[in-house]
Amino acid sequence: MIIIDGSYGEGGGQILRSAVALSAISGKPIKIINIRANRPKPGLSNQHLHAILGVKELCGAGVKGAKLGSTTLEFYPGEISAKHVKIPIKTAGSISLVLQALLPAMAFSREEITFEITGGTDVPWSPPIDYIKHVTLFALQKMGLNVEIKVKRRGHYPRGGGLVSGKVEPWEEKKKLVARKFRKINRFEGVSHATNLPPHIAERQAESARRILEKIFPNLSVGINRETSRSAGPGSGIVLWADTDVLRIGGDALGKKGKPAEAVGREAAEELIEELKSGYAVDRFLGDQLIPFLAFTGGEIWVSEITKHLLTNIWVVERFFGKVFEVEGRKIRVIKKVG
C-alpha cells in the first residue's frame, strides 16, 4: 500500500483526485492521511467525496473512510470496467474538479465510457467547464485521447444544478507531447454566458473582452460566442482562449453580484494577456492538469508559471512510479515514461 500525506505541498483536493485516479490506473492500493489538514475545514468535502465515489464506481474499488469530513482514506482498486458513470453532486461542487479525477482513470478503460455529472459548472476556485471543454480537451487530443463533453445545463454557486455529460474513448495511442514556445497566435475565441440573467450581461462581458484583446492584438480576429440559459440559480462568466500554433492558452472570470459585466470581461482578457507574455505554450492552469497524462506519453512542456498544484501533482505521480519528471525553471520534461 502506498501511503500519501494529504497535507503535502498545496495540501488540497488535488492530491486526492490524482491519487485515486493513479491508484485505479496502476492497481496499487493507497492510504491517504492528513486530508486537507491545512484547510479551514479539514477532511473530505462534498466534491472530493464524489470524485472518490466516481472512481470507486469506475473500477469497483473497496473504500474505507469515504465520508464527509474524513481525514483518512483507504482505496483498494479493482479493474476499470464501468461503461457508464453517474455522479450526482447535490451542491455546487465543481464538476470540473471531479472530472480531474475521472478522466485519467476513464482513459485506461478497454471500452468507451459515458458519464453524467450534476453539480457546479462555473464556480470559484475551480476551472470553468468551458475551459475544460475547449482548452484541456484540445491538449488531450494532441496526446491521442478523445473526450467529448456536453454542457446540458449551467450550475453556479450556491445552487449548483448544472448537468454535464460526455464520453471517453479508450486511450489506444499515447502521443508524445512537446509544447515549448508558441510562434504564432491564429485567433482568439471564447464563450460568454449568463444564466437566469438578462442577455445583455453575456453581451457586455464579451464586448469588454473583445475590445481589450483587439487593442493589444489589432490584427487578430476575436470570436466570442454569447450564451443565455436557465438553471437553478443566477450566474455568469466568460472563458477566453488564444488558439496558437501549439496548444490553446486560456483565461477566465466569473461574474458575481455587484460586479459589472464589463469588469468580468476585462478580468478574463487581462488574465489571458498575462498568460501569453511568457511566450510559453502551456498556461499555468493547464500545466498541472496535464501532469498525470504526460507521465504516460512522455515529452516536455514549458509553462507560464509553475504552481504549487503542478508540483504537488508531480509529487503524487512519483509516489506511484518513482522519478518521472525533471523540472528546470518553468520547463518540465519526462525523463522516464510510465508504461
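Is Arg 333 buried, exposed or partly exposed? Arg 333 counts as partly exposed, at 35% relative accessibility, where buried means under 20% relative accessible area, exposed over 50% and partly exposed in between, with a 1.4 Å probe and protein chains only.

Colleagues, this is a predicted model, in which local features need pLDDT of at least 70 and side-chain atom pairs count only at pLDDT 80 or more, while totals for chains, interfaces and linings use all residues. Residues are numbered from 1 along each chain as its sequence is written, and side-chain values use heavy atoms, with hydrogens and water left out.

I turn to the salt bridges. A salt bridge is a side-chain nitrogen of Lys or Arg within 4 Å of a carboxyl oxygen of Asp or Glu, and by this rule the count comes to 23. Arg 333 forms one with Glu 326, at 2.6 Å from N to O; Glu 326 is partly exposed, at 33%. Shared partners join Glu 203, Glu 207, Arg 210, Glu 214 and Arg 226 into one network.

Glu 111 and Lys 83 also meet in a salt bridge, at 3.5 Å from N to O. Glu 111 is partly exposed, with a relative accessible area of 41%, whereas Lys 83 is exposed, with 52%.

A further salt bridge, at 2.7 Å from N to O, joins Glu 262 and Arg 204. These residues lie 58 apart, Glu 262 in helix α6 (residues 261-276) and Arg 204 in helix α5 (residues 199-216); helices here are DSSP runs of H or I with at least four residues, numbered from the N terminus. Glu 262 has a relative accessible area of 26% and Arg 204 one of 29%.

Terms used: Helix = DSSP H or I, 4+ residues; strand = E, 2+ residues; numbered from the N terminus.
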